[in-house]
Amino acid sequence: MLYSQGEMLEKILLLFCLSSALAENLCRPDASNGYKVRLSIKRALGDEAYVWNQDEMFLFRATLAFAMRNHLSGQDFQVSNILVCDETPRVSFWFIVTSPLDATRPVGKEDVEEAIRKSRSRINSAFLLTDQTLEFIGIIPTLAAPVSPDTPPWLIVFGVVMGSVGAGIIVLLVYPVVHKRLKKDEEEEELEEEEGEEETRRVKTMENGAAGDGAHNLSFTDDERFTQM
Amino acid sequence: MRLVLPNPGLDERILSYEDLERMEKEEAGDRPKWDNKAQYILTCVGFCIGIGNVWRFPYLCQSHGGGAFLIPYLILLVLEGLPLLLLEFAIGQRLRNGSVGVWRAIHPYLTGIGIASMLVSLLIGLYYNTLIAWIMWYLFNSFQSPLPWAQCPLNENATEFVSECQRSSTVDYYYYRVTLNSTASIEDSGGIHWPVVVCLLAAWTVIFICYIRGISTSGKAVYVTAILPYIVLAIFLIRGLTLKGAMSGIKFLFTPDVDELMNPTTWLDAGAQVFYAFSLAWGGLISFSSYNPVHNNCVQDAVILSAITGLTSIYAATVTYTIIGFRATEKYDDCMSDNIMTLLNAFGLPEDSINTSNFEAAYKYLYTIYPDIVPGLDIKNCDMQKLLSEGVEGTGLAFIVFTEAITKMPGSPAWSILFFIMLCCLGISTLFGNIEGVVVPLKDLNILPRKWPQEAVTGVTCLVGFIISLLFAQRSGIYWVTLFDNFAGSVPLLTIGLFEMIAVVYIYGIDRFNKDLEFMVGKKPCIFWQISWMFISPVIVLVILIFYLVTQAQKELTYLVWDPNSESFPTMASVPYPSWINAVIFLLAGIPSLAVPLYALCRLVYVCCKKKRKSSEETSHIFD
């Protein structure tokens with residue numbers, strides 16, 4: 001019995017060593033199922049940058065576990081399923097995700113990528129960073145589509161400009177015609193007033209009826225005389 | 001007795017002094033008049049100060065020795081620009097006619113000069129209005145935030161940006177693809193690009209309304225179009241000086257390189273720039289000064305205008321280079337931080353370890369430790385001088401460099417609107433002179449009936465101009481604009497200027513001209529004017545013309561194209577012109593230049609034929 005216990009202990013120890021060794025082997029740079037992460041905290045936050053330490057790393061692993069849970073619902077990812085290695089002072093490291101059911105089996109690259117894409121904004125905001133300052137090398141951030149309003153603004157401005165210019169042209173073309181007509185009306189009114197005065201004068205001198213008419217038509221009769229030549 | 005060609009009948013063709021005095025007193029004649037002197041000066045200033053002052057002079061200044069370029073520029077301004085300017089002012093004011101009328105009065109055989117001026121004004125007006133149409137497009141599109149040229153569109157999968165935009169830049173893509181949709185060569189017409197058509201319509205309509213009643217409407221419009229650019233330039237100067245890197249731009253502009261003065265092209269470019277800056281030989285200045293009262297002091301006007309033009313060129317150059325310096329500094333900083341990031345990422349170093357000041361040292365240190373890795377990294381060469389001299393001429397300056405700089409300034413839509421309104425005003429005020437130089441000769445030559453009201457004349461001209469300028473609305477339009485700019489606006493102007501001086505000095509007679517100036521201004525022009533008119537200015541123009549023709553004939557005709565498929569993309573590729581371009585160049589440059597001798601020849605033939613016919617008629621009459 002003692003021997004079997006010792007053997008059991010040895011076996012357990014061996015398994016433990018193997019698994020941790022395997023775990024370490026799972027996470028390495030250029031791992032086939034792993035991704036490299038790079039954070040540029042100082043570039044993003046400047047003076048308010050926080051120091052990257054193991055607590056922050058814990059937060060990262062927890063956030064990533066959240067992302068995996070979010071994507072593969074049902075599977076209970078733990079912080080221990082996120083293995084991290086090759087940390088540099090740059091603040092970059094490699095990580096690999098292992099399945100909660102079998103700690104030796106890594107989760108496929110596509111699933112990890114999908115999970116990260118889905119929860120990218122949550123991961124970014126946990127660290128007060130953006131797509132450009134929290135980089136997952138190999139996962140291209142989905143680009144924000146350029147803002148395009150329904151009516152192009154330039155059409156509106158063009159409409160305003162052309163409308164005012166067109167109105168201006170119409171005013172400038174029509175105004176002198178209207179002005180002339182108004183003036184003509186005024187002149188006709190004045191002429192009628194004068195004629196009216198003349199008529200009252202003519203009535204007084206009606207004995208020379210024909211001459212009165214002739215006073216108006218004199219110019220015409222003169223012309224007739226001249227043009228006969 | 002100076003050398004003057006015999007010119008019989010001159011006194012019958014021009015108004016005598018007594019007639020002029022009488023007309024002045026009675027205010028007779030149906031010729032339009034300026035409301036006041038300010039309108040006249042502002043119109044001339046607006047005509048002379050154009051888009052070229054913003055985007056051609058600063059480039060010339062910087063590429064020909066910076067501050068040292070001012071020396072040949074100012075010398076030639078005084079020796080070449082000023083005399084020709086006074087000549088055009090005085091002859092217009094004395095003979096009280098547009099360009100065709102003036103030269104026809106001096107001698108009927110010289111009408112060709114007026115016709116040449118009209119053709120040149122027409123050709124330049126066509127492509128100049130296209131530039132204004134492009135400016136209007138950018139102006140209309142500035143009323144949004146973010147500006148449309150600050151972002152690339154996504155491709156169909158929405159995974160990344162459109163490849164053409166990705167490889168070049170957002171501003172390049174917006175100009176060449178969205179605005180112009182340019183093809184890869186001038187032969188490939190590509191069809192009409194309708195945004196440009198819409199903007200051309202807007203541009204021609206604005207010109208129409210401003211010039212609808214001739215100078216009585218355009219004279220009011222210049223209060224805005226001539227003064228607004230100065231205000232906007234002042235605003236940009238203040239803003240520009242507060243931007244980071246502005247001083248490096250100004251230093252780059254004005255750093256004198258005295259060796260450049262030995263280079264003959266510097267003097268040639270300075271002479272050509274003075275010529276174009278004053279809008280000489282377009283015919284518009286003659287027209288404008290013919291609306292002046294007879295005793296207006298045109299000598300003073302010429303000096304004032306020259307001073308204003310020279311100072312404005314320098315002022316605009318300063319403002320331009322503060323913005324260019326800012327943009328170059330931004331790009332340099334971006335380039336350096338990219339390089340720093342590359343190094344940090346490759347070796348996993350902490351973020352603060354490398355900055356701009358210790359980059360060189362860090363690079364060398366890392367190179368010694370990892371000599372095999374470091375060269376493989378994509379470390380770009382950040383060259384401040386190269387960035388400062390990038391694309392700083394012509395349309396490239398306004399639509400690429402400046403628009404990029406504006407996107408980096410806080411409150412970009414406002415700056416963009418201001419900038420493009422300024423360019424619009426500069427262009428429109430130049431076009432007033434242009435259209436004057438086209439419409440008045442058309443009336444003088446009876447191509448447009450004199451009975452028509454001014455509105456109809458302007459309307460027809462603008463309509464025809466719009467239809468012809470649809471040539472530039474094609475997708476290859478930008479190459480046509482460059483072609484017109486290079487050939488219609490260069491040789492013909494120089495030849496016309498030369499003919500003008502010869503005509504006034506040797507055919508009209510310098511003595512008579514001096515007496516006219518004495519009558520109009522009260523003082524005979526001093527010896528400086530005499531010598532410049534008789535020898536200095538014609539010689540300078542002739543030298544520039546000959547050198548220009550010689551250098552052009554030797555060069556192979558090439559042009560720059562925007563070709564996404566070329567190897568040098570995003571730099572524009574240099575491609576030779578097709579062979580049929582030579583015919584177009586002859587039409588653009590040759591016909592206006594040769595209009596003078598051609599017209600004289602045609603008239604000679606016509607007169608001879610008429611004489612022969614008349615003498616044969618008379619002889620047959622005798623025998624009847």
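A salt bridge is a side-chain nitrogen of Lys or Arg within 4 Å of a carboxyl oxygen of Asp or Glu. The model on screen is predicted, so local features need pLDDT of at least 70 and side-chain atom pairs count only at pLDDT 80 or more, while totals for chains, interfaces and linings use all residues. Residues are numbered from 1 along each chain as its sequence is written, chains are lettered from A in the order in which they are written, and side-chain values use heavy atoms, with hydrogens and water left out.

**First stop: between the chains**

Select B:Asp352 and A:Lys42. These residues form a salt bridge, and their closest N and O atoms are 4.0 Å apart. The count between chain B and chain A is 1 salt bridge. Next, display the residues of chain B that touch chain A. The elements that give two or more residues to this side are helices H8 (111-140), H11 (194-210) and H17 (298-347) of chain B; helices (H or I, at least four residues) and strands (E, at least two) are DSSP runs, numbered from the N terminus. H11(B) provides the largest share, 8 residues.

In total, 31 residues of chain B are in contact with 27 residues of chain A, where contact means heavy atoms within 4.5 Å. The two chains bury about 2,700 Å² between them, 72% of it on carbon and sulfur atoms; buried area is the accessible area (1.4 Å probe) that two parts lose on being put together, summed over both.

**Second stop: the interior**

Select B:Ile106 and B:Leu423. Within the largest nonpolar core, which has 197 residues, these are the ones with the most contacts. A nonpolar core is a set of buried Ala, Val, Leu, Ile, Met, Phe, Trp, Tyr and Cys residues joined through side-chain atoms within 4.5 Å. Buried means under 20% relative accessible area, exposed over 50%, and partly exposed in between (1.4 Å probe, protein chains only). Leaving aside neighbours within four places in sequence, B:Ile106 is in contact with several residues, including B:Asn7, B:Ile91 and B:Tyr508.

The structure holds 17 salt bridges over all chains. In chain A, select A:Glu135 and A:Arg38, whose side chains meet in one of them (3.6 Å, N to O). A:Glu135 lies in strand E4 (residues 134-137) and A:Arg38 in strand E1 (residues 35-39), so the pair ties together parts that are 97 residues apart in sequence. A:Glu135 is partly exposed at 23% relative accessibility, whereas A:Arg38 is buried at 11%.

Move to chain B and select B:Lys331 and B:Glu404, a salt bridge of 3.4 Å, N to O. This pair links helix H17, which holds B:Lys331, to helix H20 (residues 394-407), which holds B:Glu404, across 73 residues.

Most residues other than glycine have a negative phi, and most peptide bonds are trans. Select A:Val91, which has a positive phi of about 70° although it is not a glycine. A:Val91 lies in the loop between strands E2 (82-88) and E3 (92-97) of chain A. B:Ser279 also has a positive phi, of about 50°, and is buried at 2% relative accessible area. Finally, select B:Ser145 and B:Pro146, which are joined by a cis peptide bond with omega about 0°. B:Pro146 is in the loop between H8 and helix H9 (163-167) of chain B.
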